[in-house]
Amino acid sequence: MKKNISIILQILSKKYAIKKIRPHGDGISELILTILSQNTADRNSGIAFARLMNKFNSWENVSNANTQTIKEQIKIGGMSNLKSKRIKKVLQIIKKNNESYDLSFLKKMNREESLAWLTSLPGVGSKTASCVLLFAYGIQSIPVDTHVGRIVKRIGLVETNLAADDVQIALELLLQKKSYGIFHLNLIEHGRKICHAKKPLCNECVINQFCQKIK
Ligand code: SF4
């Protein structure tokens, strides 16, 4: 299995030419963007994030705004009632605990501590926390979103009955740590382009020889 996952990663990396992650260093923006992306398409969450920033201009202003106004800005991302309350609450907790919205202290913790800190926030699960660590600070993680979960189960890299958190643990045992983030990005690309939830394009799939679904 370890050998297969390494070969799968090599093939996908060659096809999609995704070889590196460039962490941007802005943990709080990554956190809010990932909360906005829960159960919606990336395009919509990106628009919701941009509208939030245009309207409020700072996390302090979002934190002090009423939830109805936040809700109006992020409506396009769906579940705006829940997300507006969640975002406001998360910002308030972070400010109260850290006296700022700077999350760069997470880099000084070990990965398990930083994951535990992030997942203690309301509505923040392993996927969201892992996205913050990976994309903001380059701390290797495999966020298991809908694409990653679907593809690794179809291929047979993990049991089909595993919950997302357990899929992440299983995958991280199979891969070298330095490859976690790249694996995540390549699977997302593969899910968007080839291994669709409905009607995957198995005949065009460069890793179909490894896939249990078509055996
Ligand atoms: S063979 Fe089909 S189901 Fe398997 S990974 Fe490729 S596209 Fe997905």
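M79 is found in the loop between helix 5 (67-74) and helix 6 (80-98), where helices are DSSP runs of H or I with at least four residues, numbered from the N terminus. Phi of M79 is near 50 degrees, a positive value in a residue other than glycine. Most residues other than glycine have a negative phi. M79 counts as partly exposed because its relative accessibility is 38%; buried means under 20% relative accessible area, exposed over 50%, and partly exposed in between, with a 1.4 Å probe and protein chains only.

The model is predicted, so local features need pLDDT of at least 70 and side-chain atom pairs count only at pLDDT 80 or more, while totals for chains, interfaces and linings use all residues. Residues are numbered from 1 along each chain as its sequence is written, and side-chain values use heavy atoms, with hydrogens and water left out.

With a relative accessibility of 72%, K199 counts as exposed. N39 follows helix 2 (27-37) and has a positive phi near 60 degrees.

Helix 2 itself is mostly covered, with 10 of its 11 residues buried. The buried residues are G27, I28, S29, E30, L31, I32, T34, I35, L36 and S37. What covers them includes helix 3 (42-56), helix 4 (59-64), helix 5, helix 6 and helix 8.

The domain assignment of the chain gives domain 1 (2-20 + 143-214) and domain 2 (27-137); such bounds come from an automatic or database domain assignment. The centres of the two domains, taken over C-alpha atoms, are separated by 26 Å. Between them, 11 residues of domain 1 are in contact with 8 residues of domain 2, contact meaning heavy atoms within 4.5 Å.

The interior comes next. A nonpolar core is a set of buried Ala, Val, Leu, Ile, Met, Phe, Trp, Tyr and Cys residues joined through side-chain atoms within 4.5 Å. The largest such core has 33 residues, and those with the most contacts inside it are V152, I155, L157, L171 and F183. Apart from it lies another core, of 32 residues, including I28, L36, W117 and V132.

Within the largest core, I155 is one of the residues with the most contacts. Leaving aside residues up to four places away in sequence, I155 touches I8, I207, F210, C211 and Q212.

Helix 9 also holds G149, which counts as buried because its relative accessibility is 13%. From C-alpha to C-alpha, G149 and S84 are 27 Å apart in space, and they are 65 residues apart in sequence.

Grid points are joined across faces, edges and corners, and a volume is the space filled by probe spheres set on the points.

The largest pocket holds about 550 Å³ of space. Because domain 1 and domain 2 both give residues to its lining, this pocket lies between them. Its lining has 21 residues, of which S37, D42, D145, I188 and R192 lie nearest the centre. Helix 2, helix 3, helix 8, helix 9 and helix 11 each supply at least two lining residues, and the largest share, 5 residues, comes from helix 11. The lining divides into 6 nonpolar, 9 polar and 6 charged residues, where Ala, Val, Leu, Ile, Met, Phe, Trp, Tyr, Cys and Pro count as nonpolar, Asp, Glu, Lys and Arg as charged, and the others, Gly among them, as polar.

A search of the whole structure finds 1 cavity of 30 Å³ or more. The largest cavity has about 110 Å³ of space and is lined by 15 residues, of which H190, C195, C202, C205 and C211 lie nearest its centre. Helix 9 gives the largest share of this lining, 3 residues. The cavity lining divides into 11 nonpolar, 2 polar and 2 charged residues.

Conventions: 1 Å grid on protein atoms, 1.4 Å probe; cavity = no way out; pocket = protein on both sides within 12 Å on 5 of 7 lines; lining within 4 Å.
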